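Please walk through the chain shown below with an eye to how individual residues sit within their surroundings.

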Amino acid sequence: NELPVHTPVCILYPHIVARRDTLTTSCTRRIRLSSMKLLRSVNQFRQLARIARGGTNLQHTSAGVGHTSSLCARGVTNQARKDDTMGRLLAEQLQAIKEAGTYKVERVITSEQAANIKVASEEGLRKEVLNFCANNYLGLSSEPKIIAAAHKALDTHGYGLASVRFICGTQDIHKELETKLSAFHKKEDTILYASCFDANAGIFEVLLTAEDAVISDSLNHASIIDGIRLCKAKRFRYCHIDMADLEKKLIEAQSARVRLIATDGVFSMDGTIAPLKEITELARKYDALVFVDDCHATGFLGPTGRGTAEYWGVEDQVIPLQRFVNHLFG
């Protein structure tokens, strides 16, 4: 069914909260014109969808559609050829992944996240397995006090923000958590991200330019590597926790305006801990900044769970920049 031309503005433009009769004449005219353009686009899409499903009769019920049946059919045919080519290429790639033994099938969990979880089997039954791969290190994802606090927050602040932080998506509870995290880590400020991957993607491009250099551990997490790729800084990679090689790379990067050493605090795949004592010493010697991703350390490493810097006793030493994005809360 075609959308009626008299579709209310509030449906086409849900972000306009004013009633139609309170809008100015010029504003109403512009919205009506935009509505007609949207209607034509919707109807054109529906016409193409009919052809794709095998229909050939086109009924131009909305003025200005202006496409002939042959033109639409030709476009769909060309698109079908492209889809066939892409489908063949994807099928070949998937087959190669399966033959290499790296094809991954999702395990569907039917219980809360925990050390012992229930997963759906191919037979439709639920079986219990031991879970060694979650980031729920302290088991807080199913902690009753946290669940109760989440219920309370839903009652007072609702579910979802329908916006990004800098438009209208920052609530008082965000600022409260950021303040408490800053105090916990003894830092000036904290910025919350939706995920650790996003946090690492958002740091390097902002801080570094083509005049700068980033020196990264060879076994850094993929999110750090992807974040570094987004910036224009010169890239150096030193052998995993090899301080001699790190010093060599720092010397090579001496012409850079800013030198940033990037490392995981705890390397989750190998269990090694970055030697921050030596790293901070080299940073002072060669006037470099230090970036630490403490995802896999915050909450349980160090005497009070403050992570790798506390573990090595270098919280009060020269670490001008430190990133604590973590899996503490599961």
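Leaving aside its neighbours within four places in sequence, Asn131 is in contact with Gln113, Ala114, Ala115 and Ile117, where contact means heavy atoms within 4.5 Å. The model is a predicted one, in which local features need pLDDT of at least 70 and side-chain atom pairs count only at pLDDT 80 or more, while totals for chains, interfaces and linings use all residues. Residues are numbered from 1 along each chain as its sequence is written, and side-chain values use heavy atoms, with hydrogens and water left out.

Asn131 has its place in the loop between β2 and α4; helices (H or I, at least four residues) and strands (E, at least two) are DSSP runs, numbered from the N terminus. With a relative accessible area of 15%, Asn131 is buried, the term buried standing for under 20% relative accessible area, exposed for over 50%, and partly exposed for what is in between, with a 1.4 Å probe and protein chains only. The side chain of Asn131 makes a polar contact of 2.7 Å with the side chain of Gln113, and it also reaches the backbone nitrogen of Cys133 at 3.2 Å. A polar contact here is a pair of N or O atoms within 3.5 Å, of which, within protein, one must be able to donate a hydrogen and the other to accept it, and residues adjacent in sequence count only if both atoms are side-chain atoms.

Strand β1 (residues 116-120) is joined to β2 by five bridges, and the two run antiparallel; strands are said to pair if DSSP finds at least two bridges between them. Ala120 stands opposite Arg126 in β2, and in the hairpin of β1 and β2, with five residues between the strands, Gly124 takes a positive phi near 85°. Gly158, with a positive phi near 75°, follows α4.

A contrasting setting is found at strand β5, which is largely enclosed by the rest of the structure because six of its six residues are buried. Both of its faces are covered, with Arg259, Ile261 and Thr263 buried on one side and Leu260, Ala262 and Asp264 buried on the other. β3 and β5 pair in the parallel sense over four bridges, and the bridge partner of Ile215 in β5 is Ile261. Strand β5 (residues 259-264) also pairs with β6, again in the parallel sense, over five bridges, and Ala262 has Phe291 as its bridge partner in β6. β6 is mostly covered, four of its five residues being buried. Together, β5, α11 and β6 make a right-handed β-α-β unit, meaning that, with the strands pointing away from the viewer, the path from the first strand over the helix to the second runs clockwise.

Of its 22 residues, Ile215, Tyr238, Leu246, Leu250, Ile261, Leu276 and Ile279 touch the most other members. The elements that give two or more residues to this core are β3 (213-217), β4 (234-238), α10 (243-252), α11 (276-285) and β6 (289-293), and α11 provides the largest share, four residues. Apart from neighbours within four places in sequence, Ile279 is in contact with Tyr238, Met243, Leu246, Ile261, Thr263, Ala274 and Val290. A second, separate core of eleven residues includes Ile224, Ala233, Leu260 and Phe291.

Ser216, found in strand β3, is buried at a relative accessible area of 8%, and its side chain is joined to that of Asn220 by a polar contact of 2.7 Å. Arg237, which lies in strand β4, counts as exposed because its relative accessibility is 59%. Leaving aside neighbours within four places in sequence, Arg237 is in contact with Ser216, Asp217, Ser218, Asp245 and Lys249.

Notes. Core = buried A, V, L, I, M, F, W, Y, C linked by side-chain atoms within 4.5 Å.
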